[in-house]
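Q: Please give a close look at one residue and its surroundings, and then relate this part to other parts of the model. Which details deserve attention?

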Amino acid sequence: MEKKSLEREKFSTGLAVFFATLSSTVGLGNIWKFPYLTGKYGGGAFLLVYFIFILLVAIPVMVSELYIGRKTRKNPIGAIYSIKPKGPWKLIGYMGILSAFFILFFYSSVAGWIYSYIFKGLSGVFSNSSFKDLDNIFHQTVSAPIYPIIWQFVSILVVSSILLLGVKNGIERMTKLLMPLLLILIVICDIRSLTLPGAMKGLTFIFKIDFSSITKEVILMALGLSFFKLSLGMGTIITYGSYFTSDNNMMATAGRVALSDTIVSLLAGIAIFPAVFSFGMAPQQGPGLLFKTIPLVFSKVPFGGVLIVLFFLLSAIAATTAMLSMLEVVVTYFVEEKKMSRRKSLLICSSIVLIIGVLVSMSQNGSNPISKIKPFGLNLFDLFDQASSNVLLPLGGLLIALFAGYIVNKKDIETELSNNGKLKNHALIKIYIFLVRYITPILLLIIFLSMLGVWG
Ligand code: TRP
């Protein structure tokens with residue numbers, strides 16, 4: 001258990017809270033995963049399902065996590081334990097630690113690709129490259145024997161150094177400035193992409209809903225993405241909640257974060273799909289989609305070379321702050337619950353991420369024996385991705401919703417979410433309690449049962 005004397009730092013203002021939380025949710029999920037899954041799973045219909053999950057599942061889980069964190073001011077495992085020491089609830093924390101590791105294994109690999117693209121941009125390889133060239137460049141980046149591993153190592157080193165030097169809060173303050181810059185760059189990208197010949201086909205692709213393309217797989221992927229996107233189901237948001245000021249309107253913050261994050265994702269989609277169609281590419285490129293389109297979008301634009309470098313630089317920063325929020329959870333766990341020194345905990349956690357992460361990177365190289373390891377037919381990269389997004393996070397979310405809906409005292413939730421009655425948000429709290437008791441868990445259960453083949 002955590003000692004009472006352990007001082008937890010708090011964010012200073014409402015705006016600091018908002019940006020810090022956003023620095024965890026905005027990351028590779030927005031610019032890399034969201035567009036490539038939207039492309040792969042059919043565009044508009046996938047998005048519709050995704051939005052429904054954000055409203056009915058993700059936001060209620062986010063409010064629950066913020067509540068648990070701010071109420072107890074502890075790390076996820078300590079927090080759950082201090083509300084309810086008995087029962088299966090501790091699992092939430094342990095599963096969270098596992099999902100943080102699983103995500104970091106592949107996230108650090110993709111962050112490495114992004115880092116390397118900054119330097120590729122600087123070297124000028126993208127100037128005048130065709131789609132075919134970009135396809136080759138991406139293929140080499142991902143499947144060369146040593147290159148991706150070095151960049152993955154760099155990304156882990158950067159994140160660990162920030163945590164070691166204790167400058168995490170400083171970095172997050174800095175992102176308050178950089179995030180708007182990333183947004184501006186994405187908007188420039190949007191404008192360019194939308195003015196390409198045939199751009200409308202891209203917009204039609206993202207916004208036209210073809211109900212027949214909604215399959216079980218589409219539903220599961222959209223659900224997993226909604227958790228992954230908003231950093232839910234593993235305790236990150238519990239940890240952030242524990243730093244929130246007592247006068248923060250948590251429901252409003254959750255709503256604003258979800259909305260802003262969704263806007264960034266959509267704008268990234270609008271930057272990518274018109275270009276995809278204009279250049280005659282298939283939207284089902286998979287994980288390479290971002291890397292093959294952005295350099296094309298910026299080619300033949302004044303200062304295009306500079307814009308490409310800036311784009312990948314800001315994306316690398318967004319990826320880094322999102323990774324910080326994951327590594328922080330596991331490092332703090334060992335410090336607060338296992339009484340390990342911060343240094344030791346950091347060394348152990350980042351070594352685990354590095355060792356398994358390297359295997360995950362190697363699984364992308366077809367000629368490497370590691371790529372032949374395919375449990376459930378998935379290579380290690382896809383395995384850790386799907387096991388975390390589609391299983392562990394939603395399962396964590398289900399437990400969190402049940403915990404908030406049925407274990408926690410209802411009066412206490414009302415008091416906490418209304419800041420002791422100071423906020424006049426009674427109706428909203430009622431809606432939240434209804435969702436978290438009846439809608440969120442039931443939807444999640446139905447999906448799990450249908451995945452297991454028990455239902456539908
Ligand atoms: N949300 C981040 C992104 O979109 C990734 C992330 C950070 C995350 N912390 C998390 C995902 C915790 C799940 C859980 O890139």
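**A residue and its surroundings**

A: Leaving out residues up to four places away in sequence, Thr 236 touches Ser 24, Glu 65, Ser 231, Ser 325 and Val 329, where contact means heavy atoms within 4.5 Å. The model is a predicted one, in which local features need pLDDT of at least 70 and side-chain atom pairs count only at pLDDT 80 or more, while totals for chains, interfaces and linings use all residues. Residues are numbered from 1 along each chain as its sequence is written, and side-chain values use heavy atoms, with hydrogens and water left out.

Thr 236 belongs to helix H11 (residues 236-241); helices are DSSP runs of H or I with at least four residues, numbered from the N terminus. Thr 236 counts as buried because its relative accessibility is 1%. Buried means under 20% relative accessible area, exposed over 50%, and partly exposed in between (1.4 Å probe, protein chains only).

Ser 155, in helix H7 (residues 147-164), is likewise buried, because its relative accessible area is 0%. Setting aside neighbours within four places in sequence, Ser 155 is in contact with Ser 108, Ala 111, Gly 112, Tyr 115 and Met 323.

The expected span is 1.5 Å times one less than the number of residues.

Helix H12 (residues 250-278) reaches 42 Å from its first C-alpha to its last, close to the 42 Å expected for its 29 residues. Because 21 of the 29 residues of H12 are buried, this helix is largely enclosed by the rest of the structure. After H12 comes Gly 280, with a positive phi near 70°.

Two residues other than glycine also call for comment. Most residues other than glycine have a negative phi. Phe 376, however, has a positive phi of about 55°; Phe 376 lies in the loop between helix H15 (342-362) and helix H16 (380-407) and counts as exposed because its relative accessibility is 78%. Asn 420 has a positive phi of about 65°. Asn 420 is placed in the loop between helix H17 (410-417) and H18, and its 61% relative accessibility is why it counts as exposed.

Helix H18 (residues 426-451) contributes 4 residues, the largest share, to a nonpolar patch. Tyr 406, Phe 434, Tyr 438, Ile 442 and Ile 446 make this surface patch of about 460 Å². Ile 442, which lies in H18, counts as partly exposed because its relative accessibility is 43%. In helix H8 (residues 168-194), Val 187 is partly exposed, with a relative accessible area of 33%.

Terms used: Helices (H or I, at least four residues) and strands (E, at least two) are DSSP runs, numbered from the N terminus. Patches are made of residues with over 30% relative accessible area and no salt bridge: like charges are joined within 9 Å, nonpolar side chains (Val, Leu, Ile, Met, Phe, Trp, Tyr) within 5 Å. Accessible areas come from the Shrake-Rupley method with a 1.4 Å probe; for residues, only the protein chains shown count as cover. A salt bridge is a side-chain nitrogen of Lys or Arg within 4 Å of a carboxyl oxygen of Asp or Glu.
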